[in-house]
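Here's a quick look at charged side-chain pairs in a predicted model. Have the structure open as you read.

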Amino acid sequence: MRTPLIAGNFKMFKTAAETAAYVVELRELLKDVRGVDVVIAPPFTALHAAAGAAAGSAIGVGAQNVHWERDGAFTGEVSAGMIRETGARFVIVGHSERRTLFGETNATVNKKMNAVIAAGLTPIVCIGETLEQRDRNETLAVLDRQIKEGLDGATGEQLAAMVLAYEPVWAIGTGRNATPAQAGEAHFHIRQRLKQWFGLESSERCRVLYGGSVKPGNIASLAAQPDVDGALVGGASLDPKSFLAIIRGAVV
Ligand code: PGA
């Protein structure tokens with residue numbers, strides 16, 4: 001059985017001080033919660049404070065992006081080793097905002113995934129179709145390409161230890177979540193492909209999250225889908241109480 005994972009993507013919200021205060025509050029709220037893993041991904045500048053405030057708790061900390069080189073003349077970039085030093089253990093890779101606003105491709109996603117694994121961290125690799133692609137019935141083909149090219153070269157062992165997030169682009173920040181049936185269909189397809197390309201055992205161990213307008217009111221029906229192993233949450237993760245409600249709703 002896969003333990004569900006709820007990850008909060010803060011995007012460009014919260015200072016280091018605000019993040020630390022959030023973690024203190026979330027720790028208290030999570031005291032009697034079992035059976036679900038929790039990760040928060042604040043901005044780079046808050047990673048160290050977040051990891052410090054989360055130390056000794058079950059809350060994991062993740063970055064939202066990474067550069068694939070260890071170091072070098074790459075102004076404004078941050079490497080996986082630098083992220084690890086902050087105490088963070090996860091890195092979101094290929095979020096759709098990175099793909100659409102900052103030109104990331106499946107090829108850069110692949111390099112980043114490799115760098116994250118090489119640093120001993122866990123990648124949360126995001127995939128998902130745009131509205132135009134869905135309307136043209138290309139959803140499953142787009143997912144196939146993102147998995148094949150984005151995860152190219154990963155071993156079954158590596159796949160088993162990583163996290164994928166299916167986030168239909170049209171559902172992110174729009175208040176329009178995929179229906180449980182739409183999420184279920186995409187997740188079933190993803191699991192089939194993972195099985196085909198990485199083997200049964202690895203595919204059964206890899207956690208695949210759903211993301212896109214997840215709220216306290218819709219998490220239970222999404223998490224009830226057999227191949228949905230939790231959620232990547234944007235807006236609704238910014239308030240610890242609504243994040244807690246989502247975390248509780250993911251335990252089915
Ligand atoms: P949202 O964002 O929950 O605000 O739709 C999800 C995400 O971008 O990961």
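Let's start with E104, which is buried, with a relative accessible area of 9%. Elsewhere, salt bridges with shared partners tie R2, R191, E204, D227 and D229 into one network. Back at E104, the residue pairs with R98 in a salt bridge, and the closest N and O atoms sit 3.0 Å apart. R98 itself is partly exposed at 21% relative accessible area.

How many salt bridges does the structure hold? The count is 16. Here are three of them, with the N to O distances:

| Pair | Closest N to O distance |
|---|---|
| E97 and K11 | 2.8 Å |
| R98 and E104 | 3.0 Å |

The E97 and K11 salt bridge links distant parts of the chain, 86 residues apart: E97 belongs to helix α4 (residues 96-102), while K11 is in the loop between β1 (5-9) and α1 (16-29). E97 is partly exposed at 27% relative accessible area. Why does K11 count as buried? Because its relative accessibility is 18%, and buried means under 20%.

D37 is partly exposed at 33% relative accessibility, whereas R207 is buried at 17%.

T139 counts as buried at 9% relative accessibility. Leaving out residues up to four places away in sequence, T139 touches E129, Q133, R134 and Y166.

Technical notes: Residues numbered from 1 in each chain as written. Predicted model: local features only at pLDDT ≥ 70, side-chain atom pairs only at ≥ 80, totals over all residues. Heavy atoms only, no water. Buried < 20%, exposed > 50% of the residue type's maximum accessible area, 1.4 Å probe, protein only. Contact = heavy atoms within 4.5 Å. Salt bridge = Lys/Arg side-chain N within 4 Å of Asp/Glu carboxyl O. Helix = DSSP H or I, 4+ residues; strand = E, 2+ residues; numbered from the N terminus.
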